[in-house]
Amino acid sequence: MKLGLLGAIWLLVVMTAINVFESSGAIEPNFFHGLMGTAFHYLGMDEQATYFFELYRG
């Protein structure tokens, strides 16, 4: 239970940081979509990877 709560808080912190950096122009827009596409590609889940890469490209 504690680990799940810590994981959820950590994910919220990371997502907020990515959003702040994207909106400030420090990293390119849709950075998270590219990151997720890469993660799914390496996990062998190419259908999900394609979905995130399409979001990344706009």
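Tyr51 is partly exposed in this predicted model. Its relative accessible area is 49%. Buried means under 20% and exposed means over 50%, so Tyr51 falls in the class between them. Tyr51 is found in helix α3. Gly7 is 44 residues from Tyr51 in sequence. In space, the C-alpha atoms of Tyr51 and Gly7 are 24 Å apart.

Tyr51 also belongs to an aromatic cluster, together with Phe40 and Phe52. Two aromatic pairs are counted. One of them joins Phe40 and Phe52, whose ring centres are 5.6 Å apart. The planes of these two rings are at 20°. An angle under 30 degrees counts as stacked, so Phe40 and Phe52 form a stacked pair. Phe40 lies in helix α2, whereas Phe52 lies in helix α3. The pair therefore ties together parts of the chain that are 12 residues apart in sequence. Phe40 is buried, with a relative accessible area of 17%. Phe52 is buried as well, at 16% relative accessibility. Tyr51 and Phe52 make a pair too, with ring centres 5.3 Å apart. Their planes are at 75°. Angles over 60 degrees count as edge-to-face, so this pair is edge-to-face.

Helix α2 spans residues 31–42 and has 12 residues. From its first C-alpha to its last, α2 reaches 17 Å. This is close to the 16 Å expected at 1.5 Å a residue. Three residues of α2 are buried: Gly34, Gly37 and Phe40. They cover an arc of only 130° around the axis, which puts them on the same side of α2. The buried residues of α2 pack against α3, which covers residues 46–57. Just after α2, Gly44 takes a positive phi of about 85°.

Helix α1 covers residues 2–24 and includes Val14. Val14 is partly exposed, with a relative accessible area of 29%. That value is not under 20%, so Val14 does not count as buried. Val14 and Gly25 are 11 residues apart along the chain. Their C-alpha atoms are separated by 17 Å.

Over the whole chain, the secondary structure comes to three helices and zero strands. The elements run α-α-α from the N terminus on. The chain has 58 residues, of which 10% count as buried. Its radius of gyration is 13 Å. A compact globule of 58 residues would have a radius near 10 Å. Taken along the principal axes, the C-alpha atoms fill a box of roughly 35 × 30 × 15 Å. The chain exposes about 4800 Å² of surface. Carbon and sulfur atoms supply 69% of that area.

Definitions and conventions
Residues are numbered from 1 along each chain as its sequence is written. This is a predicted model: local features need pLDDT of at least 70, side-chain atom pairs count only at pLDDT 80 or more; totals for chains, interfaces and linings use all residues. Side-chain values use heavy atoms; hydrogens and water are left out. Helices (H or I, at least four residues) and strands (E, at least two) are DSSP runs, numbered from the N terminus. The expected span of a helix is 1.5 Å times one less than its number of residues. Buried means under 20% relative accessible area, exposed over 50%, partly exposed in between (1.4 Å probe, protein chains only). The arc is that of the directions from the helix axis to the C-beta atoms. Contact means heavy atoms within 4.5 Å. The radius of gyration is taken over C-alpha atoms; the globule rule is 2.2 Å times the number of residues to the power 0.38. Accessible areas come from the Shrake-Rupley method with a 1.4 Å probe; for residues, only the protein chains shown count as cover. Rings of Phe, Tyr and Trp (its six-membered ring) pair if their centres lie within 6.5 Å; planes under 30 degrees apart count as stacked, over 60 as edge-to-face and the rest as tilted.
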